[in-house]
Number of protein chains: 2
Amino acid sequence: MDQVNLKKLAKELNLAVSTVSRALRDSHEISPQTKERVRELAEKLGFQPNPHASSLRQNKSKTIAVIIPEIENNFFSQVINGIESVTPNKGYHVLIYLTHEDYNKERDILQLLRNGRVDGIMVSVSNTTTNLDHIEAWHAAGIPLVLFDRTSEDLDVPNIMTNDAEMAFKATEHLLKRGCRNIAYLGMTGNLSISNRRKAGYLTALEKYKVPAPPQIIELTAKDYINRDILKQLFEQQPRPDGIFAAIEKFAVNAYEVCKELHLHIPQDVKVISFSNLQAAALFDPALSTIIQPAYDIGREAANILFKIIEKKMLMPYEKKMVLPSQLIERASTAVTGK
Amino acid sequence: MDQVNLKKLAKELNLAVSTVSRALRDSHEISPQTKERVRELAEKLGFQPNPHASSLRQNKSKTIAVIIPEIENNFFSQVINGIESVTPNKGYHVLIYLTHEDYNKERDILQLLRNGRVDGIMVSVSNTTTNLDHIEAWHAAGIPLVLFDRTSEDLDVPNIMTNDAEMAFKATEHLLKRGCRNIAYLGMTGNLSISNRRKAGYLTALEKYKVPAPPQIIELTAKDYINRDILKQLFEQQPRPDGIFAAIEKFAVNAYEVCKELHLHIPQDVKVISFSNLQAAALFDPALSTIIQPAYDIGREAANILFKIIEKKMLMPYEKKMVLPSQLIERASTAVTGK
DNA sequence: AAATTCTTTGCAAACGATTTCGAAAAATGT
DNA sequence: ACATTTTTCGAAATCGTTTGCAAAGAATTT
């Protein structure tokens, strides 16, 4: 079965290809009668314009790419959901690429897409990314681009993120107010600005409350078994941390696992709070206090801003650095205990 | 900055466009020397062939589409991860579409893609899909297609799934062996074959063990608050169910929430087991017994099979209906209690 | 009535890569 | 030295859609 194309329609209707094309795009220079004839036959034969021909001719692909470190993470799933809440209305398609937290993959993917396959990209950089030349080069080439969550303030590129430093401060403050005096921070390796923001919030809180114990910044990895080893060591130190602030959901899970193994009780022995978008956090044993990021909104807003750039509209100043607030939900894992 | 294309390379090298094209595709009819010259300049100028021109000419897009009901679900995230473990090696790109469990969206998306935008699709049908004509039509048009998880045995289309009926049987049996006598099944509305398989497993177990209480098939929805209402009613019935088998992870979470609200104790008052791919299930209060589906493998295998079809290779018989086994993990939520 | 605009359509040239066909040049065989 | 094959390359057609321009006819103005 060969596809029905403009030529076939034109022949059938005794019209020129150009006339058919214009009729279908509702051009003003085609009479209503012929428009109707064309539309009717197109409908009847189920004509669908070939996207590659269109893209080639118009030099636009009606496609955007979303480049994220991983997908087995509620946060990124929700972001994608937010993105997808705008793309179909715009008639756009969404390509997904995973970097698996690998800078080289990230660079290669950006390189791979620099050929017109997409009209714009949305990136959340990997934690092994220290050199931002590939992002810079993309931006310099004038192709629309936004960064979200894992952003970079150095580049003059739209950033969509949450109030990381502020919430990290609040989380640490929350632990302090619940009586913790020896709080460890569990963060990602690497030198991402998001990590730095969260770390900074943690440190600021310790400083403001004049905590005598030195800060403990623990850097964890993508591998659960390594993280559990590191955490075991952490909990066997003296003095043992009495509070854990996990900057990543996964690390809170690791901490829970290790506490269970070492028979440490949450929140009696150690209180835990974490950045997390897991609905089931409330069902944990004990229920996990969380900082919920507006993932869906981040995705939606990032997509909206990207489309503004694609459509060459001016961005409002607040759209260049957009900060959507997170929410701290207090649960049993940071409750005050009798002890 | 205008793109570098074949024409520019050809002019620079004093060669014909066709020669450059052939050189880059490593054609045998180009001398090693000119190949080297061409490659060198292409490298230097960062030449990237325009994918739309290629796709138009070759009538293939190097792109596949993944069409799923939702993405905020560990199972589907893991499937995507599995798919992505294959696609880059094949030089393929992945488009994502969400149906939000809406048959009309699903039909429209398939329609939208029937124009050469993709070389094949992978579908997990929505639960509001009763009519499979759109899938049938796609398949009849000869465009590569595989179904996964939410499949249909009626159609002669490759299916990749898990052993739903068997595991549903085992889950129910497990509850029975732990002393439950009044087990409710929480499933999805709709008439999907996956639901039917799981339901059948549940019923077979009840029958085999000659349970006197009538089966209770509860159909839940996408909305949490509705589900909680239904479950509240369920638990206020007499006799109250002493076992819950959730066919969907989300419904187990709803059940936990309602039990907490009604001060019912798991596993003393009611035992719970669920199909689930949540790593954190072990951290629930109490830890949730789960049937873990091989989501990653399902994605990987489904992608491999799709590529076999795209490459017009013959499928092995077992590849037409591939069943990857799930695993039952027993945890505290189905433990035998003193009572 | 002639000159002008306006409306509607067609022709042909793009877009950039691939591929068929053929021609020239080089290598081989007789 | 000539014929034949092989190697290497170029010209041009092609994929399907869009668009600048021309042209014909209709409508309007002078």
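Two strands are said to pair if DSSP finds at least two bridges between them. Helices (H or I, at least four residues) and strands (E, at least two) are DSSP runs, numbered from the N terminus.

This is a predicted model, in which local features need pLDDT of at least 70 and side-chain atom pairs count only at pLDDT 80 or more, while totals for chains, interfaces and linings use all residues. Residues are numbered from 1 along each chain as its sequence is written, chains are lettered from A and ligands numbered from 1 in the order in which they are written, and side-chain values use heavy atoms, with hydrogens and water left out.

I begin with chain A. Six strands there form an open sheet with mixed pairing, in the order β7-β6-β8-β9-β10-β12. Its edge strands are β7 (216-220) and β12 (327-329) of chain A, each pairing on one side only. Strand β6 (residues 183-188) of chain A runs parallel to β7(A), and five bridges join them. Within β7(A), A:Ile218 is the bridge partner of A:Leu186.

Which strands does helix α10 (residues 224-236) of chain A lie across? The answer is β6, β7 and β8 of chain A, and α10(A) runs at about 160° to β7(A). Such angles run from 0 to 180 degrees between N-to-C directions, and axes are lines fitted to C-alpha atoms, for helices over the stretch in contact. Contact here means heavy atoms within 4.5 Å.

Next, a pair of helices. The axes of α2 (residues 17-24) and α3 (residues 32-45) of chain A come within 9 Å and cross at roughly 85°. That makes α2(A) roughly perpendicular to α3(A), a term for angles of 65 to 115 degrees. From α2(A), A:Val20, A:Ala23 and A:Leu24 meet A:Lys35, A:Val38, A:Arg39 and A:Ala42 of α3(A).

Strand β1 (residues 63-68) of chain B pairs with β3(B) in the parallel sense over four bridges, and B:Val66 has B:Met122 as its bridge partner in β3(B). On the strand β3 (residues 120-123) of chain B, B:Gly120 and B:Met122 point one way and B:Ile121 and B:Val123 the other, all of them buried (under 20% relative accessible area, with a 1.4 Å probe and protein chains only). Strand β4 (residues 145-148) of chain B runs parallel to β3(B), joined by three bridges, and B:Leu147 in β4(B) stands opposite B:Val123.

How values were computed: Buried < 20%, exposed > 50% of the residue type's maximum accessible area, 1.4 Å probe, protein only. Parallel < 35°, antiparallel > 145°, perpendicular 65-115°, else oblique.
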